[in-house]
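Q: Hi, can we walk through this one together? I'd like to go topic by topic.
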Amino acid sequence: MRLYDIGKSIQGRKLWVMEISDQPGNHEAGEPEMKYVGNMHGNEVTGREMLLLLIEYFCSNYNRDTRVTQLVNTIRMHIIPSMNPDGWEKAVEGDWSGTVGRYNARGVDLNRDFPTLHDIIIRQGRYYFDYKSRQQETTLIMNWINSYPFVLSANFHGGALVASYPLDDTLTGQSVYSATPDDDVFRSLAKAYSFAHPTMWQGKSCTRHQQDRHNKSFSQGITNGAAWYAISGGMQDVNYLTTNCFEITIEMGCRKYPQASGLRQEWSNHKNPLMKYIEQIHRGMKGFILDENKQGIYGASLTIQ
């Protein structure tokens, strides 16, 4: 295990990352890298606590539990329990649907601060985004995701119980289904988490919310982000459009900041889905593109038709 940080929040708190690997600090050829990011909205705390418990679980069970050991030996994992530590400091335990602590220290929603579809441009078949002034935490995350070869990711929110997948954004701003070319893959990833959870797959609404978007049911416990409600500047979209990383958003429960007494049940609900989702990284094709001397070819790409 290796603890590192990617920089400091506006108020000077470090954004800590725990790397979990059998070779911490090293990228091993052929071993995929993934990430989990929690607490983007400071008052949505379940994800933060679940990721801390997941780190403890991996550390305590390596070389004791076969499933844990297999994951640690074959994947390089990076976990950020809190992307918005300044917001978390303001959040109030027991908050069901409020906004105290949601935003960063400058009052900005970090999940609206990433490049939008209008910011992203295509040059020679590749996606790029125009840099502009963004919040400190946003910039740190963008630099981080462009520094590691992540291929799988999830970020964790609260206020609903559903697995949401890209795209969140639409060019018109309307809340309609906004599919990527890899829509079938994203649906499969979302269902891997939903069906591993004891109740998420049932798709029930958060009935406390009678007048807003949370009072909605979801078939199989999954949804396209924009079909639920369209947003611009979300983190999962920029992962997909500007890197090789497939990211989904997990809404972990109806209450944004549950009481501490409820965390044991939340861990029971989410431990297996967290593990199951990580295991999806080994699906599909993998390998190396080599020259006649069995050396890697820089910049090579593979197209399957």
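A: Let's start with a term: a residue is buried when its relative accessible area is under 20%, exposed when that value is over 50%, and partly exposed in between. One more thing: this is a predicted model.

Q: How far is Cys-59 from Gly-233?
A: In sequence, Cys-59 and Gly-233 are 174 residues apart. In space, their C-alpha atoms are 35 Å apart.

Q: Still on cysteines. How many disulfides does a search of the whole structure find?
A: One. Cys-206 and Cys-254 form a disulfide, with 2.1 Å between their sulfur atoms.

Q: Where in the chain are those two?
A: In distant parts. Cys-206 lies in the loop between H5 and S9. Cys-254 lies in the loop between S10 and helix H8 (263-279). The two are 48 residues apart.

Q: Remind me, what is a disulfide?
A: A covalent bond between the sulfur atoms of two cysteines.

Q: Which hand does the disulfide of Cys-206 and Cys-254 have?
A: The torsion about the S-S bond is about -85°, so the disulfide is left-handed.

Q: Are Cys-206 and Cys-254 buried or partly exposed?
A: One of each. Cys-206 has 2% relative accessibility, so Cys-206 counts as buried. Cys-254 has a relative accessible area of 23%, so Cys-254 is partly exposed.

Q: Which way do the residues of S8 point?
A: Ala-160, Val-162 and Ser-164 point one way. Leu-161, Ala-163 and Tyr-165 point the other way. All of them are buried.

Q: Why that pattern?
A: In a regular strand, side chains alternate between the two faces of the sheet.

Q: What does S8 pair with?
A: S8 is joined to strand S10 (residues 246-253) by five bridges, and the two run antiparallel. With strand S9 (residues 222-224), S8 pairs in the parallel sense over three bridges.

Q: Which residue of S10 is the bridge partner of Ala-160?
A: Gly-253. On the S9 side, Ser-164 stands opposite Thr-223.

Q: Which elements give two or more residues to the lining?
A: Strand S6 (126-129), strand S7 (150-157), helix H5 (183-196) and helix H7 (235-242). H5 gives the largest share, four residues.

Q: How many lining residues are nonpolar, polar or charged?
A: The lining of the largest pocket has 26 nonpolar, 14 polar and seven charged residues.

Q: Speaking of charge, how many salt bridges does a search find?
A: In the whole structure, 13 salt bridges. Side chains of opposite charge can pair when their charged atoms come close.

Q: What is the N to O distance for Arg-13 and Asp-86?
A: It is 2.8 Å in the salt bridge between these side chains. The pair links distant parts of the chain, 73 residues apart. Arg-13 is in the loop between strand S1 (2-8) and strand S2 (14-20). Asp-86 is in helix H3, residues 85-90.

Q: Which parts of that pair are buried or partly exposed?
A: Arg-13 has 28% relative accessibility, so Arg-13 counts as partly exposed. Asp-86 has 1%, so Asp-86 counts as buried.

Q: What about Asp-5 and Lys-14?
A: They form a salt bridge too, and their closest N and O atoms are 4.0 Å apart. Asp-5 counts as partly exposed because its relative accessibility is 31%. Lys-14 is partly exposed as well, with a relative accessible area of 35%.

Q: And Asp-109 with Arg-102, buried or exposed?
A: Both are buried. Asp-109 and Arg-102 form a salt bridge, with the closest N and O atoms 2.9 Å apart.

Definitions and conventions:
Residues numbered from 1 in each chain as written. Predicted model: local features only at pLDDT ≥ 70, side-chain atom pairs only at ≥ 80, totals over all residues. Heavy atoms only, no water. Buried < 20%, exposed > 50% of the residue type's maximum accessible area, 1.4 Å probe, protein only. Pairing = 2+ DSSP bridges. Nonpolar A, V, L, I, M, F, W, Y, C, P; charged D, E, K, R; others polar. Disulfide = S-S within 2.5 Å.
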